[in-house]
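Please look through the structure shown here and work through the questions that follow.

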Amino acid sequence: VQLQASGGGLVQVGGSLKLSCTASGLYFSMYRLGWFRQAPGAEREFVATIGGFGDPRYADSVKGRAFISRDNAENTVYLLMRNLKVGDTAVYYCAAGLQHAVSDSNEYDYWGPGTQVTVSS
């Protein structure tokens, strides 16, 4: 199983960014796909997740600014982040877990290598 995230980069405060994560080697629609992030010196934290055919969930810190979606035909999950803040700066990871996984990173079985998002003021 491989997960490959892309779309990270440098963006100014208030800007937007859309991350993508493409998976291979698994029956994609069976898995819940999640996004987590880890800032320097901090623990990895939950950002958003989406079930095989919907049911998006969000961390309170990004609710209203983040939008997760997926394309099962393309084995890809997306994370659109709007109105970015300096506090959103982190390495963003996508992960795949069985349908009971939500915000606990331990419930996800497969992880990609991450993509850096830097928000500058």
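Q: What is the accessible surface of the protein, and what percentage of it belongs to carbon and sulfur atoms?
A: This is a predicted model, in which local features need pLDDT of at least 70 and side-chain atom pairs count only at pLDDT 80 or more, while totals for chains, interfaces and linings use all residues. Residues are numbered from 1 along each chain as its sequence is written, and side-chain values use heavy atoms, with hydrogens and water left out. Accessible areas come from the Shrake-Rupley method with a 1.4 Å probe, and for residues only the protein chains shown count as cover. The surface comes to about 6000 Å², and the part belonging to carbon and sulfur atoms is 48%.

Q: How many helices and strands does the protein have?
A: Helices (H or I, at least four residues) and strands (E, at least two) are DSSP runs, numbered from the N terminus. Along the sequence the pattern reads β-β-β-β-β-β-β-β-β-β-β, and the totals are zero helices and 11 strands.

Q: Why does the radius of gyration agree with a compact globule?
A: The radius is taken over C-alpha atoms, and the globule rule is 2.2 Å times the number of residues to the power 0.38. For 121 residues this rule gives a value near 14 Å, which agrees with the protein because its radius of gyration is 13 Å.

Q: What is the relative accessibility of Asn 75?
A: Asn 75 lies in the loop between E7 and E8, and its phi is near 55°, a positive value in a residue other than glycine. Most residues other than glycine have a negative phi. Asn 75 counts as partly exposed, because its relative accessibility is 23%.

Q: Where is Asn 83?
A: Asn 83 also has a positive phi, near 50°. Asn 83 counts as partly exposed because its relative accessibility is 43%. The place of Asn 83 is in the loop between E8 and E9.

Key: Buried < 20%, exposed > 50% of the residue type's maximum accessible area, 1.4 Å probe, protein only.
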